[in-house]
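Here are my notes on this model. Please read them with the structure open.

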Amino acid sequence: MSRVSALNISSFIWGIADDVLRDVYVRGKYRDVILPMTVIRRLDAVLEPTKGEVLRMKGHLDAAGITNQDTGLRQASGEAFYNTSPFRLRDLTSRGRQQQLQADFGAYLDGFSPNVQEVLEKFKFRNQVPTLGEADALGFLLEKFLDPSINLSPRPVLNGDGSVRLDGLDNHGMGTVFEELIRRFNEENNEEAGEHFTPRDVVQLMARLVFLPVAEEVRSGTYLVYDGACGTGGMLTVAEETLGQLAAEHGKEVSVHLYGQEVNPETYAISKADLILKGEGAEADNMRFGSTLAGDAFPSREFDFMLSNPPYGKSWKTDLERMGGKSAITDPRFVVEHDGDPDYSLITRSSDGQMMFLANMLSKMKRDTPLGSRIAEVHNGSSLFTGDAGQGESNIRRWIIENDWLEAIVALPLNMFYNTGIATYIWILSNRKAAHRRGHVQLIDATQWFRPLRRNLGSKNCELSDEDIQRICDAFIAFEETEQSKIFRNQAFGYRKVTVERPLRLEGANPERVHTAKEIKALRDGGKRAENAPPIVRRVHKQGVAPDPLRGRFAVTMDGRSAVVEYEPDTELRDTEQVPLLQEGGIEAFIEREVLPYAPDAWYVPGSVKVGYEISFTRYFHKPQPLRSLEEIREDILAVEQESEGLLAQIVT
């Protein structure tokens with residue numbers, strides 16, 4: 001069936017909501033009925049030819065006392081699902097009283113296989129049946145879905161002479177119908193759509209960025225694709241389509257298995273139902289419900305390709321508490337060995353867990369295959385720079401970049417998503433970088449590559465055309481310096497954060513002797529700070545220790561003899577500096593150039609040094625506006641003066 005025909009069917013189903021549900025539900029709740037009913041009607045249509053076989057098999061299994069019947073009933077239906085009730089949907093439309101219809105419909109739902117039961121449970125569809133019954137709308141709803149002018153069966157509807165009246169709806173066409181309904185409902189309810197719905201243009205770009213660089217290296221075989229925040233499953237299905245297409249173009253045959261986890265019950269139900277409707281029952285079984293952070297559904301799995309749009313700006317405090325609190329977490333996804341530290345923490349602040357999802361993906365990379373693993377994940381701007389050196393967010397960036405996994409980051413246009421206009425970025429990672437990319441990171445500014453929408457969809461007012469997607473991919477593959485593409489050494493994003501101290505100077509201090517802690521406290525309470533007051537000595541080193549003012553060891557004369565001392569630091573003058581890893585001469589050269597000219601008595605604390613990483617798109621792609629000429633400014637000032645004088649004259653007269 002053509003895409004146009006599939007879209008016509010989705011439009012018909014969309015219209016059912018207004019025809020039947022208008023006076024029963026508020027508009028935002030239509031999806032609670034229409035999506036599960038679409039699933040039910042499709043499954044019912046697929047199962048019609050084998051209904052008798054399933055009922056006979058059910059009778060045999062019951063008579064034999066066999067309780068584990070799932071495998072036998074699947075074989076009887078010829079599908080990954082079945083229904084053991086005596087009814088088909090069309091049998092229910094002839095039931096007379098509404099009360100009887102409601103009871104029979106309940107029995108019909110109870111007959112579905114366990115995998116479908118889980119979908120219905122997560123949709124909470126049974127909660128809708130009493131409402132539909134009380135409004136006398138259930139019968140009308142069933143009749144609409146059984147309307148003879150549409151065909152949700154995979155088999156064609158024939159005329160009396162054997163000619164085709166309605167084409168059959170294959171699994172791909174059914175997937176198109178369902179995805180279109182999801183898209184339209186998400187756009188209607190755009191205030192929450194971004195939590196689980198990524199626009200298809202963004203997904204297509206992500207898939208191409210993941211697969212294009214290795215398209216010629218993909219071999220015939222099996223590949224595993226994963227999304228740890230799978231929402232409605234759109235990324236997984238687009239990834240499957242893209243990989244299959246690229247493989248076919250290169251003469252390869254691939255088998256793609258999809259794995260996903262989702263914490264939202266309804267979107268989980270949609271992802272699972274979508275795969276069932278497409279005839280991918282085994283893949284539907286790989287969709288798991290629950291929190292990825294607190295309860296990883298695939299702890300021992302590794303995946304070839306991973307794509308995700310995790311929630312950003314969203315607290316994961318509940319997950320953190322379930323995991324026992326920050327200090328108790330030992331999960332190897334989030335506490336790793338790095339740079340000699342066996343307990344290197346990747347745990348971010350509980351106010352935003354988006355980078356935890358990235359750490360989860362990185363823990364599932366394949367390390368013993370030629371292609372390794374490739375990842376594409378959407379983030380907002382905070383993942384680029386939030387978190388100080390030594391904190392979880394910075395540690396994740398450091399862990400990624402020092403392991404040379406980050407290939408590129410693409411800045412997307414603003415207003416790409418339905419519920420937010422904030423800046424968003426696609427991170428592309430791999431543990432098998434091509435030789436020419438090793439040791440480097442590419443930043444691509446694609447913020448101006450888009451086309452405007454004719455009608456806004458919530459906050460989304462633009463989209464990526466096919467040409468825009470190709471332009472971004474071309475820039476990525478080319479790996480060249482241009483106005484929109486910048487290439488940096490890995491270390492360019494790193495810095496050492498150091499504490500810079502200055503001596504405590506108090507009136508009444510004696511520069512010729514060491515002050516005890518008690519004396520220092522007394523001086524702090526009674527003495528006054530002054531730039532020309534003597535610094536307080538807190539320690540004298542033994543003979544043989546060389547002075548090193550940059551590290552706080554100063555050469556002085558005490559009691560007429562040379563000595564090396566350390567001064568008591570003034571906490572109010574304490575400061576920190578970020579020294580780039582690529583700073584020529586290291587920390588000392590930086591301090592001498594940037595600090596000592598302004599504070600000659602300053603020193604840094606070697607034990608305070610922490611390594612951090614941050615990525616600033618604004619710094620690298622900022623285009624300063626040319627300054628206006630003095631003549632232009634003068635003309636503006638004169639014009640304002642003339643206007644104000646005219647106003648003053650009007651007021652006075």
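1. Helices here are DSSP runs of H or I, at least four residues, and strands are runs of E, at least two, numbered from the N terminus.

2. This is a predicted model: local features need pLDDT of at least 70, side-chain atom pairs count only at pLDDT 80 or more, and totals for chains, interfaces and linings use all residues. Residues are numbered from 1 along each chain as its sequence is written, and side-chain values use heavy atoms, with hydrogens and water left out.

3. D170 caps the N-terminal end of α10. One of its side-chain oxygens lies 2.6 Å from the backbone nitrogen of G173. G173 is also among the buried residues of α10, as are F178, E180 and N186. Buried means under 20% relative accessible area, exposed over 50%, partly exposed in between (1.4 Å probe, protein chains only).

4. The largest nonpolar core has 104 residues; F105, F125 and I426 touch the most other members. Such a core is a set of buried Ala, Val, Leu, Ile, Met, Phe, Trp, Tyr and Cys residues joined through side-chain atoms within 4.5 Å. Helix α2 (residues 31-47) gives the most, nine residues.

5. R301 sits in the loop between β5 (287-289) and β6 (305-308). R301 counts as partly exposed because its relative accessibility is 38%. The C-alpha atoms of R301 and P503 are 55 Å apart.

Key: Polar contact = N/O pair within 3.5 Å; in protein donor to acceptor, adjacent residues only side chain to side chain.
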